[in-house]
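My notes follow in the order I took them.

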Amino acid sequence: MTEHPGCGPRRLSGWGRTAPSTAYVREVRDPADIVAAVRGADRRGVLARGLGRSYGDAAQNAGGLVLDMTTLAQVHHVDAATGLVEVDAGVSLDTLMRVLLPFGLWVPVLPGTRQVSVGGAVAADVHGKNHHVAGSFGSHVRSLELVTADGTLHRVDPEHPLFWATVGGMGLTGVIVRATIACRRVESAFLLVDTERAGDLEDLMARLSADDAAYPYSVSWFDSIATGRRLGRAVITRGRNALLEELPPALAARPLDMGARRRATLPAVFPPGLVNRASGRIFNELWFRAAPRLRRGEVQDVTRFFHPLDVVGSWNHVYGPRGLCQYQFVVPFGAEDALREAVGLIASSGHVSCLNVLKRFGPGNAGLLSFPTPGWTLAVDLPVRPGLDRLFAALDALVLEAGGRLYLAKDSRASAGTVARMYPRLEEFRAARARVDPAGVFVSDLARRLSLTDAPIL
Amino acid sequence: MIDSLGAPQTLFLLGGTSDIALAIARAYARHAPLRVVLAARHTSRRDEAVRSLQALGCAVEALDFDARATQTHADVVTAAANGGDLDISVVAYGVLGDPEQAWTDVPSGVELAEVNYVGPVATGIALGAQIREQGHGVVVALSSVAGERPRRSNFVYGSTKAGFDAFYTGLGEALRGLGGRVLVVRPGFVRSKMTDGLRPAPLAATPDQVAQAVVDAVASGAEQVWVPRTLRAVMSGLRHLPRPVFRRLPI
Ligand SMILES: Cc1cc2nc3c(=O)[nH]c(=O)nc-3n(C[C@H](O)[C@H](O)[C@H](O)COP(=O)(O)OP(=O)(O)OC[C@H]3O[C@@H](n4cnc5c(N)ncnc54)[C@H](O)[C@@H]3O)c2cc1C
Ligand SMILES: NC(=O)c1ccc[n+]([C@@H]2O[C@H](COP(=O)([O-])OP(=O)(O)OC[C@H]3O[C@@H](n4cnc5c(N)ncnc54)[C@H](OP(=O)(O)O)[C@@H]3O)[C@@H](O)[C@H]2O)c1
């Protein structure tokens, strides 16, 4: 690792806290800092990092320079009339939401945590509970400012080929400096939520297929441990933004108030195995039972509906020092058998997941490496434990066979060959990237592991 | 890169014809596609090792390497890293020698010292530099319980492994915080070509057992492992025996 003036080596990992590596981390205060870093890049290259909420090695660059973008975090312009908002890449979606709500504006796509940066949201083309109707984050971006490998600043819009290489491009086309995002108008920060239970996987799929279209927001949590007749039993929560007239008087008095910031942080050191088969079993059982069989029109705030996990700061630490893997895939509609088999494999594997999500995706966008494609997406969080590689290998085979793919922002262990078969536009991405970054300035541990920028040797 | 479950993309074997090193390569090749770089003297044994790993689907490169030519080690490491980061490097070369000759004949004793200690210091320095450059990397150092408390029957070998063990333990400390990790492996008696013809000691292991222990230890982030694991307690006991008692043990 070549010395980089003004910053020391730091160990970085993703949210899953697996496979850390060491890099020089430099805080970005000004776009000129990015230009200087890119111009001074050495063999180990440069990478932008947001809030480090990708699970695996996407925001790591071993031996190289990592630009901490969270210090470039200004909201530059809010146009309440058009809903167009211009922000620095380091602004978190949490901050953005708090800034926009007083204008009656709403962040168009919200992933499962608000602690992600705008740059990270673009680079991973993140999706939310409204993907089936609204698409992913990149579909709401009107333009990007980006420092490319030659150290120049570009402004690209969706007509520009570089735009769709950058949306979902995992930081490998350049450093996103600013984005202009088209936001939606809302009357309130509250949600009207319908909750229902599904008795098994068939029931779950049937309910989601029947009337997802009626709700802008839809997601389900499924029990990852129950097998047999209860395989895939689930709690479905779906909703929409409440109108002013639908709020009870107490809330109608402060309709755009989203509540205080995060309330609790867990201590950093947890014994390994706190989430084990026994506690995981209990959690899955209780979570299912705690949900109402059917409840309609409940008013919930943003955090309760979208981001319950944000209440607890560093919950990833409960998985102990070996960390966790998140496995998220999508398989096309019509591949329900693969989905059934996957849920069955997980439930009978002996590995325990507590955060288990099943959702229907709508149409994808033009992002070359963008993850969402029409179909069923499933995500599970699994603590690292011997034998997990075998479960994942079996799931990979199912997903590949079904024509599906894994989400790069969550991956930490797939192989280059597998991912290449899942992303048919990878070659196109490599070509686009070779044009804009022929010397290979932008690189990450993820890119090295999955050969995202060059054909693999194996 | 090494992945979240401990699987490497590139495995670098120094002493690429060692039975234990090749068992480690086979163990990793079972999990995922693997690039293996074999650094070893160019012999028919090395050609055979290359073929056997290719047959398992590995992409194999061979590099000429002599443990005693310490001034070449850095270049060998650099050459190995040309085709991609060195995720796991195994320092496996070593000689057992004839124990009686080793303590009575200068060239024999010095060969053990050079191959088992001086060479590994040069290799470790070169690997350390590569790891600092990469910002990540695991070194698997094949030490031995023989270094924990050298005994009369093979104390020259034991003394070289004691130095080897101390060096790699220290290297692990030095590389912490720079992205590196060193796993010191302390097998007892292993049935390999090194011990061919010798009477197996109690708790003898196979190269495949050592390999599995290495794979598990790398995945769990351990910094030292005994093979078999019970040897840890055994050695801890032996270390504290009074010399007159230790001397009389039939080992
Ligand atoms: C609890 C939890 C729930 C989640 N739920 C969802 C979900 O529902 N839907 C979903 O899609 N994702 C979800 N995620 C994943 C998360 O949204 C993505 O990983 C997102 O990219 C994280 O943003 P970040 O700012 O933390 O980026 P980082 O993790 O820091 O970086 C992610 C990638 O973005 C690149 N990047 C970051 N900033 C820039 C920049 N300025 N310019 C260029 N590249 C940049 C990095 O190089 C890296 O490749 C979840 C994660 C967690 C922890
Ligand atoms: N077997 C055991 O009981 C045991 C127990 C504890 C520790 N260990 C240690 O584990 C390691 C591997 O041993 P092993 O059992 O796999 O034995 P092995 O099969 O004999 O391997 C040792 C290798 O060292 C190589 N070597 C010797 N001198 C060299 C030199 N000058 N230059 C380059 N390479 C040289 C040999 O390569 P060539 O093909 O060129 O000869 C040989 O393949 C050794 O460090 C050993 O000390 C072994």
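**Entry 1: a loop in chain A.** I started at Met170(A), which sits in the loop between helix 5 (161-166) and strand 10 of chain A. The model is predicted, so I kept in mind that local features need a pLDDT of at least 70. I looked up the backbone and found that Met170(A) has a positive phi of about 55°, although it is not a glycine.

**Entry 2: a hairpin in chain A.** I then turned to strand 8 (residues 141-147) and strand 9 (residues 153-156) of chain A, which pair in the antiparallel sense over 4 bridges. Leu144(A) has Val156(A) of strand 9 as its bridge partner. The hairpin has 5 residues between the strands, and Gly151(A) takes a positive phi near 80° there.

**Entry 3: the shell of ligand 1.** I counted 32 residues around ligand 1, and the closest are Gly50(A), Gly112(A), Gly119(A), Gly120(A) and Gly171(A). Strand 3 (46-49), helix 3 (118-123) and strand 10 (175-182) of chain A are the elements that give two or more residues to this shell. By class I have 18 nonpolar, 12 polar and 2 charged residues.

**Entry 4: the shell of ligand 2.** Ligand 2 is surrounded by 27 residues, the closest being Ser18(B), Ala67(B), Gly94(B), Ser192(B) and Met194(B). Its shell divides into 13 nonpolar, 8 polar and 6 charged residues.

**Entry 5: the sheet of chain B.** In what order do the strands of the open sheet in chain B run? I read 3-2-1-4-5-6-7 for the 7 strands, with parallel pairing. Strand 3 (59-64) and strand 7 (224-227) of chain B each have a single partner strand, so one side of each is left without a neighbour in the sheet. The twist averages 15° from one strand to the next. I checked one pair within the sheet: strand 5 (residues 137-142) and strand 6 (residues 180-187) of chain B are joined over 6 bridges in the parallel sense. Val140(B) is bridged to Leu183(B) of strand 6.

Entry 6: I found a cis peptide bond between Val227(B) and Pro228(B), with omega about -5°. Pro228(B) lies in the loop between strand 7 and helix 8 (231-239) of chain B.

**Entry 7: two helices of chain B.** I checked the length of helix 6 (residues 155-175) of chain B: at 1.5 Å a residue its 21 residues should span 30 Å, and the end C-alpha atoms are 30 Å apart, which agrees. Helix 6 is followed by Gly177(B), whose phi is positive, near 85°. Next I asked how helix 5 and helix 6 of chain B cross: their axes come within 9 Å, at roughly 10°. Angles under 35 degrees count as roughly parallel, and the two helices are therefore roughly parallel to each other. Their contact includes Gly109(B), Leu112(B) and Tyr117(B) of helix 5, and Phe164(B), Phe167(B) and Leu171(B) of helix 6. I noted 14 nonpolar, 6 polar and 1 charged among the residues of this contact.

**Entry 8: where the chains meet.** Last, I looked up the contact between the chains: 23 residues of chain B touch 29 residues of chain A. Helix 5 (residues 106-134) of chain B gives the largest share of the chain B side, 3 residues. That side has 8 nonpolar, 10 polar and 5 charged residues.

Key: Residues numbered from 1 in each chain as written. Chains lettered and ligands numbered in written order. Predicted model: local features only at pLDDT ≥ 70, side-chain atom pairs only at ≥ 80, totals over all residues. Near = placed C-beta within 6 Å. Nonpolar A, V, L, I, M, F, W, Y, C, P; charged D, E, K, R; others polar. Pairing = 2+ DSSP bridges. Axes fitted to C-alpha atoms, helices over the stretch in contact; angles between N-to-C directions. Expected span 1.5 Å × (residues − 1). Contact = placed C-beta atoms within 7 Å. Parallel < 35°, antiparallel > 145°, perpendicular 65-115°, else oblique.
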